[in-house]
Every structure is written in structure tokens, then in C-alpha cells.
Amino acid sequence: MTRTVIAQGTFDIIHPGHVHYLKEAAAMGDELYVIVARKANVDHKEKPICPGTQRRDVVDALEAVDEAILGHEEDIFVPIEEIDPDVIALGHDQHHDAAGIESELERRGIDCTVERASGRDPADGEEILSTRLIIERILERRG
């Protein structure tokens, strides 16, 4: 029996933190689907710079990922219902409320667990594990 995992995020500028999260999510099961957030659904931080299709294609190219898809524009749970995962893997610093997600999954009759991936420390003083910090560095050095 295949154990299916869903990870999700904005993935605007892929960095080593994203790779760590997706590798850890992949290790939680046999197949990893990644839901890439639509620009319209990103309301907890700055809107992504890169278009959704580009972000999806870059995530889909990562070795740990079996398939990346764009999220639903109106109901973020629609792709979860369609995939019917065994696990939803949250990033260590994602703003999502695991208990709230579990409650909505139960309400919709989706039987899966919600697990949070671990964080990753920078490998050295130069490595940046945040899209926001990468953008700030670009603006500082090139702006």
C-alpha cells in the first residue's frame, strides 16, 4: 500500500530550507505531492515574485518530489480532497495551525495525519534559508 504525503508552500525562490523540507516530507511516505500556493492565496507575507507555473515547475524538478501542482484559487482543501493523502507535512516555520487543519480534514472526511518537518540550520554564515532574506540581500547588494 502506498503512503501518500502532501507538502505545500509558496516556493518563490527555492533555497536549501525548501529542499530540506521537501526531502523530509518525502521520507514520511512513498509518494510526495507538493501543492504550490496560488498568488491569490498568499496573504500572510508578500506576494510571490515568480509566476505560479514557474514556481510549480521548479518544485516539480526537485528529486524528492513526485508531482507538484498549483493550489486551488478558492478552496485550498480541494487538491487535498483529490489526492486523499495519508500525511500532510508542514514546514517547521509555516504559519499553519495544525489543529485547525486537522479539524477541517475531519469535517471533510479526509483521514490523514498532520506532521511538522524539522528546521535546518544554515551550513555556514553565508547560506540563506529564507526567500524574504534572499530578496533583502539582493536589494542591499544590487538595489
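**Alanine 40**

I started with alanine 40, which is found in the loop between β2 and α2; strands (E, at least two residues) and helices (H or I, at least four) are DSSP runs, numbered from the N terminus. This is a predicted model, where local features need pLDDT of at least 70, side-chain atom pairs count only at pLDDT 80 or more, and totals for chains, interfaces and linings use all residues. Residues are numbered from 1 along each chain as its sequence is written, and side-chain values use heavy atoms, with hydrogens and water left out.

Is alanine 40 buried or exposed? I find it exposed, with a relative accessible area of 56%. For these words I use buried for under 20% relative accessible area, exposed for over 50% and partly exposed in between (1.4 Å probe, protein chains only). I also looked up histidine 72: it is 32 residues from alanine 40 in sequence and 9.7 Å away in space, C-alpha to C-alpha.

**Strand β1**

Next I went to β1 (4-9). Six of its six residues are buried, so β1 is largely enclosed by the rest of the structure. Both faces are covered: I see Thr4, Ile6 and Gln8 buried on one side, and Val5, Ala7 and Gly9 buried on the other.

Which strands does β1 pair with? It pairs with β2 in the parallel sense over six bridges, and three bridges join it to β4, also parallel. (Two strands pair if DSSP finds at least two bridges between them.) Valine 5 stands opposite leucine 32 in β2, and alanine 7 stands opposite alanine 89 in β4.

**Helix α1**

I noted that β1, α1 and β2 make a right-handed β-α-β unit. Right-handed means that, with the strands pointing away from the viewer, the path from the first strand over the helix to the second runs clockwise.

In α1 (residues 16-26), I have Gly17, His18, Tyr21, Leu22 and Ala25 as buried. Seen down the axis, the buried residues of α1 fall within an arc of 130°, so they line one face of the helix; the arc is that of the directions from the helix axis to the C-beta atoms. They pack against β1, β2, α2, β4 and α5.

Histidine 18 counts as buried at 12% relative accessibility. It touches Phe11, Ile13 and Thr131, not counting residues up to four places away in sequence; contact means heavy atoms within 4.5 Å.

**Two positive phi angles**

Phenylalanine 11 lies in the loop between β1 and α1. Its phi is positive, about 55°, although it is not a glycine, and at 3% relative accessibility it counts as buried.

Aspartate 84, in the loop between α3 (78-83) and β4, also has a positive phi of about 55° without being a glycine. I find aspartate 84 partly exposed, with a relative accessible area of 47%.

**β4 and β5**

Four bridges join β4 to β5 (residues 113-116), and the two run parallel. Isoleucine 88 stands opposite valine 114 in β5. With helix α4 (residues 98-107), β4 and β5 make a right-handed β-α-β unit.
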